[in-house]
Amino acid sequence: MTSTDIGAEIGTGISAGIGAGIGAGIGAGIGAYARTVRGSGPGLLVAHGAGGSVEANYGPVMETLAAGHTVVGVDYPGTGATPRSRTPLQLDELVDQLVAAADAEGLDRFAVSGYSLGGAVAIRTAVRHPERVTALLLTAAFARTDHELRLGAELWRDLALAGDPDPLARFVVPHALSEHALRSLDDEQLAALLKDVGAGIPPGTADHVDLVTRVDVRADLPRITAPTLVVTTTGDRLVPPPLHRELAAAIPGARLAEIPTGHLPFAELPQEWGKLLTGFLRETGA
């Protein structure tokens with residue numbers, strides 16, 4: 001495959017991955033979040049990242065995951081078809097909504113996959129419902145912010161609040177892609193990508209990223225009892241890989257796996273990411 005082919009493939013993937021939110025209004029009191037359900041078999045809950053959605057972050061691997069599981073996810077306020085919230089997002093509310101979706105689908109037990117911010121949602125779900133969680137799969141996840149992540153998230157949030165899509169896209173694209181993926185784009189592809197990403201930023205992005213700045217689930221990590229896989233995206237320039245490894249080291253018995261991508265494995269190496277997730281689910285019988 002030529003660098004032009006790679007650039008075109010990645011450009012398409014990242015456009016879908018970080019610009020796939022559907023515009024939503026602002027809701028004062030949100031009921032059940034918009035739900036995605038695919039496949040059949042044992043339960044698998046998926047928790048997406050900040051500025052993403054279930055479709056944006058898990059869409060490229062959904063067919064793979066749903067081949068052996070009933071996959072259930074919810075879109076956070078201000079993305080997908082879930083209205084934006086008037087109040088700051090709270091981690092436990094995201095957990096409650098995800099588990100309520102599992103209940104609505106009749107899933108008594110389930111594995112939980114969390115990507116980026118969704119990793120904290122998955123961790124808190126596993127700690128609050130240990131008797132129900134059969135396995136925990138965390139990708140590009142973090143238990144806390146360090147200086148690098150916090151400063152980047154604060155800038156990301158402020159750019160989203162400003163409402164100008166061009167500088168926001170110019171921040172997100174180079175931070176979300178690996179160095180290799182970014183270099184593979186030619187000038188025309190990069191310009192198109194920036195335009196697509198800016199046009200598709202979900203309206204709730206600032207709210208999601210504000211929650212990123214407040215996340216601290218370090219006290220939860222020693223309490224996790226489910227078999228756990230931590231996937232580190234080794235070329236990640238948004239959530240530093242040392243935070244992935246710190247997370248894995250603090251979870252009893254956690255396995256650490258590597259994938260050579262930036263922050264968006266579903267855009268750069270979706271097949272490889274899907275194989276890591278389904279392989280662990282098969283191995284643990286989840």
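This is a predicted model: local features need pLDDT of at least 70, side-chain atom pairs count only at pLDDT 80 or more; totals for chains, interfaces and linings use all residues.
Close-up 1. Over residues 1-13 the pLDDT stays under 50. For this stretch the model has 17 contacts beyond four places in sequence.

Close-up 2. T36 sits in β2, the strand made of residues 35-38. Its relative accessibility is 16%, so T36 counts as buried; the cut-off for that label is under 20%. Once neighbours within four places in sequence are set aside, T36 is in contact with V54, M62, V71, V72 and G73.

**Close-up 3. Helix α5 against helix α9.** This view pairs α5 (residues 147-162) with α9 (residues 205-214). Their axes come within 8 Å and cross at roughly 160°. That angle makes α5 roughly antiparallel to α9, since anything over 145 degrees gets that label. The crossing of this pair is left-handed. From α5, the contact is made by L149, A153, E154, W156, R157, A160 and L161. From α9, T205, A206, V209, D210, V212 and T213 take part. Sorted by class, the contact of α5 with α9 has 8 nonpolar, 2 polar and 3 charged residues.

**Close-up 4. Helix α6 packed on helix α8.** In this view, α6 covers residues 165-176 and α8 covers residues 187-199. The two helices pack at an angle of about 115°, and their axes are 8 Å apart. α6 and α8 are therefore roughly perpendicular to each other. As for handedness, α6 passes α8 in a right-handed crossing. On the α6 side, look for P165, A169, R170 and V173 at the contact. On the α8 side, the contact is made by L190, L193, L194, V197 and G198. Grouped by class, the residues of the α6 contact with α8 come out as 7 nonpolar, 1 polar and 1 charged.

Terms used: Residues are numbered from 1 along each chain as its sequence is written. Side-chain values use heavy atoms; hydrogens and water are left out. Axes are lines fitted to C-alpha atoms, for helices over the stretch in contact, and angles run from 0 to 180 degrees between N-to-C directions. Helices (H or I, at least four residues) and strands (E, at least two) are DSSP runs, numbered from the N terminus. Angles under 35 degrees count as roughly parallel, over 145 as roughly antiparallel, 65 to 115 as roughly perpendicular and the rest as oblique. A crossing is left-handed if the near helix is turned anticlockwise from the far one by less than a right angle, and right-handed if clockwise. Contact means heavy atoms within 4.5 Å. Ala, Val, Leu, Ile, Met, Phe, Trp, Tyr, Cys and Pro count as nonpolar, Asp, Glu, Lys and Arg as charged, and the others, Gly among them, as polar. pLDDT is the predictor's confidence in each residue, from 0 to 100. Buried means under 20% relative accessible area, exposed over 50%, partly exposed in between (1.4 Å probe, protein chains only).
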